[in-house]
Amino acid sequence: MNLDFMSLKTTSVAAVRGERHKEKLLERQKAQELEQAMLSERELNPYWKDGGTGLPPEKDEAGSVKKVTVVEDAGLSWLRKSYQRMKEQAEREKRNFEEIVAERYGSMEVFQTRLEEAEKVASKKENCYRSGRWMKTDYSESEKEKKEQRTKKETRDEDD
């Protein structure tokens, strides 16, 4: 019973809450660091690796124009329609045609090369259709023989 009350350590509720808050913050930071370490080891997206934002770095608008996807005519009809619309826009706005092409495609040369590539691919496909590639193939020897036997049999039946 001889306790010296002055020698006991006292703490307030606010001090305890502050310590708990600091501990929670430290735990969260450690968890985030572990998660970040785990992500960077297995991350496949190169833009997320090494603390990236997940998006590729921004470059020139002309460089980001993507190639026209190949459709039946390799985008030839689409490019021709685009050409026509650019002409109409130049007339409507009374601007130089090459300026409008440069805005959309980067330069007139880029547009012309794309148009030429599409024309080449379209002509190749057209040649494939014309050459009869998609026509029904000839019968093999055994099928020809069977067909001949059927026609002989039919002619005999008709004769009888």
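Visitor: Glutamine 89 first. Is glutamine 89 buried or exposed?
Guide: Glutamine 89 is buried, at 13% relative accessible area. Buried means under 20% relative accessible area, exposed over 50%, and partly exposed in between, with a 1.4 Å probe and protein chains only.

Visitor: What kind of model and numbering is this?
Guide: This is a predicted model, where local features need pLDDT of at least 70, side-chain atom pairs count only at pLDDT 80 or more, and totals for chains, interfaces and linings use all residues. Residues are numbered from 1 along each chain as its sequence is written, and side-chain values use heavy atoms, with hydrogens and water left out.

Visitor: Back to glutamine 89. Which helix is it in?
Guide: Glutamine 89 lies in helix H2, residues 76-93. Helices are DSSP runs of H or I with at least four residues, strands are runs of E with at least two, and both are numbered from the N terminus.

Visitor: And what is glutamine 89 in contact with?
Guide: Setting aside neighbours within four places in sequence, Lys94, Arg95, Ile100 and Arg104. Contact means heavy atoms within 4.5 Å.

Visitor: Arg95 is on that list. Which residues does arginine 95 form salt bridges with?
Guide: Glutamate 93 is one partner, with the closest N and O atoms 2.9 Å apart. Glutamate 99 is another, at 3.9 Å. Glutamate 103 also pairs with arginine 95, at 2.3 Å, N to O. Shared partners join Glu93, Arg95, Glu99 and Glu103 into one network. A salt bridge here is a side-chain nitrogen of Lys or Arg within 4 Å of a carboxyl oxygen of Asp or Glu.

Visitor: How many salt bridges does the structure hold?
Guide: Four.

Visitor: How exposed are the network residues?
Guide: Arginine 95 is partly exposed, at 30%. Glutamate 93 is partly exposed at 37%, and glutamate 99 is partly exposed at 42%. Glutamate 103 is exposed, at 54%.

Visitor: Now H3. Which residues of H3 are buried?
Guide: In H3, residues 97-105, they are Phe97, Ile100, Val101 and Tyr105.

Visitor: Why do they line one face of the helix?
Guide: Seen down the axis of H3, the buried residues fall within an arc of 105 degrees, so they line one face. The arc is that of the directions from the helix axis to the C-beta atoms. An α-helix has 3.6 residues a turn, so residues three or four places apart point the same way.

Visitor: What follows H3?
Guide: Glycine 106, with a positive phi near 100 degrees.

Visitor: Switching to glutamate 119. Where is it?
Guide: In helix H4, residues 108-130. Glutamate 119 is partly exposed, at 35% relative accessibility.

Visitor: What does glutamate 119 touch?
Guide: Leu76 and Arg80, not counting residues up to four places away in sequence. Glutamate 119 and leucine 76 are 43 residues apart in sequence, yet 6.2 Å apart in space, C-alpha to C-alpha.

Visitor: Zooming out, how many helices and strands are there?
Guide: Five helices and zero strands. The pattern along the sequence is α-α-α-α-α.

Visitor: And the overall burial and surface?
Guide: Buried residues make up 13% of the 160 residues. The protein exposes about 15100 Å², and carbon and sulfur atoms supply 51% of that. Accessible areas come from the Shrake-Rupley method with a 1.4 Å probe; for residues, only the protein chains shown count as cover.

Visitor: Last one. How many of the contacts join residues at least 24 apart?
Guide: 44%, among contacts between residues at least 6 apart in sequence.
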